[in-house]
Amino acid sequence: MKKTTFLPEFLKELILPAALGASLPLAWLLLLILTKEDLFESWMYYPLTIIPIGGAIGGAFFYLMGFHWFSEGKSKLIAIIFSTILYFVCLWFSAVTAFAITGHWN
């Protein structure tokens, strides 16, 4: 049986899931900003940094739940479903935080 620790042996294993988790919301935000006819404004820096950070945290948690902590059986399926839901909650929470800071949440 494999000895499981709380974090992976090498923290470099978390870089790829965190980068993948951050790239999805960053791509969507850049698409929305680039297709908008107005110019880029300075308040947009907050959502462009805070929301991908939430995605990176969610992506790292998804990796830890589905592939490190619960790596086999039904528990892996439940962990993946739970961590997918939590990934979107992290994105939502970071979006609320970013737009509340800039005053655009109304």
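Trainee: Where is the place of Ser83?

Mentor: Ser83 is in helix α3. Helices here are DSSP runs (H or I, at least four residues), numbered from the N terminus. Before we go on, two ground rules. This is a predicted model, where local features need pLDDT of at least 70 and side-chain atom pairs need pLDDT 80 or more, while totals for chains, interfaces and linings use all residues. Residues are numbered from 1 along each chain as its sequence is written, and side-chain values use heavy atoms, with hydrogens and water left out.

Trainee: Which backbone oxygens does the side chain of Ser83 reach?

Mentor: Read these as polar contacts: a pair of N or O atoms within 3.5 Å; within protein, one must be able to donate a hydrogen and the other to accept it, and residues adjacent in sequence count only if both atoms are side-chain atoms. The Ser83 side chain reaches the backbone oxygen of Ala79 at 2.8 Å. It also reaches the backbone oxygen of Ile80, at 3.2 Å.

Trainee: What is Ser83 in contact with, leaving aside neighbours within four places in sequence?

Mentor: Contact means heavy atoms within 4.5 Å. By that rule, and with those neighbours left out, Ser83 meets Phe61, Phe62 and Met65.

Trainee: How does Ser94 read?

Mentor: Ser94 is also found in α3. With 5% relative accessibility, Ser94 counts as buried. A polar atom of its side chain lies 2.9 Å from the backbone oxygen of Leu91. Beyond neighbours within four places in sequence, Ser94 contacts Ile50, Ile51 and Gly54.

Trainee: Now the whole helix. What span is expected for α3, and what does it reach?

Mentor: The expected span is 1.5 Å times one less than the number of residues. Helix α3 covers residues 74–102, 29 residues in total. From first C-alpha to last it reaches 42 Å, close to the expected 42 Å. Its buried residues include Ala79, Ser83, Tyr87, Leu91 and Ser94. The buried residues of α3 pack against α1 and α2. After α3 comes Gly103, with a positive phi near 85 degrees.

Trainee: What about the span of α1?

Mentor: The 21 residues of α1 should span 30 Å, and the end C-alpha atoms are 30 Å apart, so the two agree. Buried residues of α1 include Pro17, Gly21, Pro25 and Ile33. The buried residues of α1 pack against α2 and α3.

Trainee: How do I describe two packed helices?

Mentor: Use the angle between their axes and the distance between the axes. Axes are lines fitted to C-alpha atoms, for helices over the stretch in contact, and angles run from 0 to 180 degrees between N-to-C directions. Here α1 (residues 15–35) and α2 (residues 45–69) have axes that come within 6 Å and cross at roughly 150 degrees. The crossing is right-handed. A crossing is right-handed if the near helix is turned clockwise from the far one by less than a right angle, left-handed if anticlockwise.

Trainee: Which residues meet where α1 and α2 are in contact?

Mentor: From α1, they include Ala18, Ala22, Leu26 and Leu30. From α2, they include Leu48, Pro52, Ala56 and Tyr63. The contact divides into 15 nonpolar, three polar and no charged residues. Ala, Val, Leu, Ile, Met, Phe, Trp, Tyr, Cys and Pro count as nonpolar; Asp, Glu, Lys and Arg count as charged; the others, Gly among them, count as polar.

Trainee: Which side chain does Glu13 join through a polar contact?

Mentor: Glu13 lies in the segment before α1. Its relative accessibility is 33%, so Glu13 counts as partly exposed. Its side chain joins that of Tyr63 in a polar contact of 3.0 Å. Not counting residues up to four places away in sequence, Glu13 touches Pro8 and Tyr63.

Trainee: And between α2 and α3?

Mentor: Look at Phe70, in the loop between α2 and α3. At 35% relative accessibility, Phe70 counts as partly exposed. Phe70 and Ile80 are 10 residues apart in sequence and 8.9 Å apart in space, C-alpha to C-alpha. Leaving aside neighbours within four places in sequence, Phe70 contacts Leu64, Met65, Ser75, Lys76 and Ala79.

Trainee: One more serine. Which backbone oxygen lies 3.0 Å from a polar atom of the side chain of Ser23?

Mentor: The backbone oxygen of Leu20. Ser23 lies in α1, and at 37% relative accessibility it counts as partly exposed.

Key. Helices (H or I, at least four residues) and strands (E, at least two) are DSSP runs, numbered from the N terminus. Buried means under 20% relative accessible area, exposed over 50%, partly exposed in between (1.4 Å probe, protein chains only).
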